[in-house]
Amino acid sequence: MTSSKIEILGEVKSDPAALMASLQLMPSPVPNPEIKYTKIFINNEWQDSVSGKVFPTYNPATGEQICEVQEADKADIDKAVQAARLAFSLGSVWRRMDASERGRLLSKLADLVERDSVYLATIESLNSGKPFLPTLFVDLQGTIKTLRYFAGYADKIHGTSIPMDGEYLTFTRYEPIGVCGQIIPWNFPLMMTAWKLGPAIACGNTVVLKPAEQTPLTCLYIAALVKEAGFPPGVINILPGFGPTAGAAIASHMGIDKVAFTGSTEVGKLIQEAAGKSNLKRVTLELGGKNPNIIFADADLDLAVEQAHQGVFFNAGQCCTAGSRIFVEEPIYEEFVRRSVERAKRRIVGSPFDPTTEQGPQISQEQQNRVLEFVQSGISEGAKLECGGKALGLKGFFIEPTVFSNVRDDMRIAREEIFGPVQQILKFKTIDEVIERANNTEYGLASAVFTNDINKAMTISTAMQAGTVWINCFNALSTQCPFGGYKMSGNGRELGESGLKEYSEVKTITMKMVAKNS
């Protein structure tokens, strides 16, 4: 058992959020939370790594170590796959379980997450640097809703009868794929765990899941809730470890039938290659984005400025959906830049446990350095740094909210995914021009358009080469809606009914009949 001290600031500030917190109208994080689970979870048992290795995990707001976690590698993945294959074997408790019972178990897991949501939000904030209140109200609610959504689908996944020519009876069955390897990122650890587990379990698969090495703590707590909910041993196995070892072992394992990954395009390519070179396992990839946000002169400017701000700075810019290429129509360009800079300067950066904080730290020193290097490249290539651009604070991995204007399409900051609090504002003149420029990227995850002209809105939304288009809003995601990318932003879809198809095989069964009647 490990404890970790957190600092909860007591200063009462003049804005409404701080006032409400001072009146105890908002939930408070758990003070000095105990870190209960740091081992590998295989077959409903907590285990040390085969190698005996451990690795540290840190608080990015301070740079201080929270605890050490058991480090899984190939030998541990082998053990987990063996357990998952046994749980998936014909005649097992899991395979013979009613689909409605699978749904009940997922619902129970959601109930347990809800019961412990304040603790989970506290640990998520401690380990990732995400502000506590948004974590509680956005991440935890998203996690719970996702689990409940797919719980409801468990006994509604079914095939159809087909009027095949000839004297035959034909129907289809949707069957689980088998053992699913799942590799989740550090920017939304809890929500990504639910996005992966929900559809896989609803369809009847078993899972070997690796959380990101930077943020393993909440995922390991979920493992304890999996056991408490009553899932049979081997159905869900959770192994903290590193990408080049544990992640690579999942991608290339001959005993894994499908792999799902959320993360960088660079690593996604490696996973798809490993899947092809091993057993041609099914692959779902949700990868990077360099998402365009198009602002027309007829848009509600106050709305557009605020939504564009939140669209790029939410979660300290560490979002694959970040609207980091903001195309603004020429007549309102200067005013949009002015208002965006004012808003960025008002953004509150600080402790994740201060209720007034809007932006926490980057996840690591490495990520902070990477973002600051992008800022320098923007300056050196001739973009105008309007505000920010520097590290903030004496400890932790904070960066000032940063805004660039006079950005050209050929600059690195306009082409590559920064994954930090850096807003780039570009100018356009015509609708045909902005469509061509917005689509001129190797990515295709998300996009947005702000306008009061429905014809412009529909022209843009149908022309965008992206899996999601938002009209007069941004980051409007929901568990009911499919999510995924075009081009190098990935393969397949998560969430919604479409997400279930990624975890099912369709089998056609045809039986010869003596006589057929319509």
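**Briefing on a predicted protein model**

G129 is placed in the loop between α5 (117-128) and α6 (132-153), where helices (H or I, at least four residues) and strands (E, at least two) are DSSP runs numbered from the N terminus. This is a predicted model, in which local features need pLDDT of at least 70 and side-chain atom pairs count only at pLDDT 80 or more, while totals for chains, interfaces and linings use all residues. Residues are numbered from 1 along each chain as its sequence is written, and side-chain values use heavy atoms, with hydrogens and water left out.

**Confidence**

- The mean pLDDT of the protein chain (the predictor's confidence in each residue, from 0 to 100) is 95, and 95% of its residues reach 70 or more.
- Over residues 1-14, however, the pLDDT is below 50, although this stretch has 40 contacts in the model beyond near neighbours in sequence, a contact meaning heavy atoms within 4.5 Å.

**Surroundings of G129**

- With a relative accessibility of 3%, G129 counts as buried, a term that means under 20% relative accessible area, with exposed over 50% and partly exposed in between (1.4 Å probe, protein chains only).
- Apart from its neighbours within four places in sequence, G129 is in contact with P60, E124, P352, G360 and P361.
- G129 and Q362 are 233 residues apart in sequence, yet 7.2 Å apart in space from C-alpha to C-alpha.

**Surroundings of D73**

- D73 lies in the loop between β6 (64-70) and α2 (74-88), and, leaving aside neighbours within four places in sequence, D73 is in contact with S51, T245 and A246.
- D73 is buried yet has no salt bridge, and the nearest side chain of opposite charge, K53, is 5.0 Å away.
- A salt bridge here is a side-chain nitrogen of Lys or Arg within 4 Å of a carboxyl oxygen of Asp or Glu; Lys and Arg count as positive and Asp and Glu as negative, while His and the chain ends are not counted.

**Aromatic rings**

- A search of the whole structure finds 14 aromatic pairs, in which rings of Phe, Tyr and Trp (its six-membered ring) have centres within 6.5 Å, with planes under 30 degrees apart counted as stacked, over 60 as edge-to-face and the rest as tilted.
- W94 and F231 form a tilted pair, at 6.3 Å centre to centre and 45° between the planes.
- This pair links distant parts of the chain, with W94 in helix α3 (residues 93-96) and F231 in the loop between α8 (217-229) and β11 (236-238), 137 residues apart.
- Ring pairs also link Y37, F41, W46, Y119 and Y221 into a cluster.
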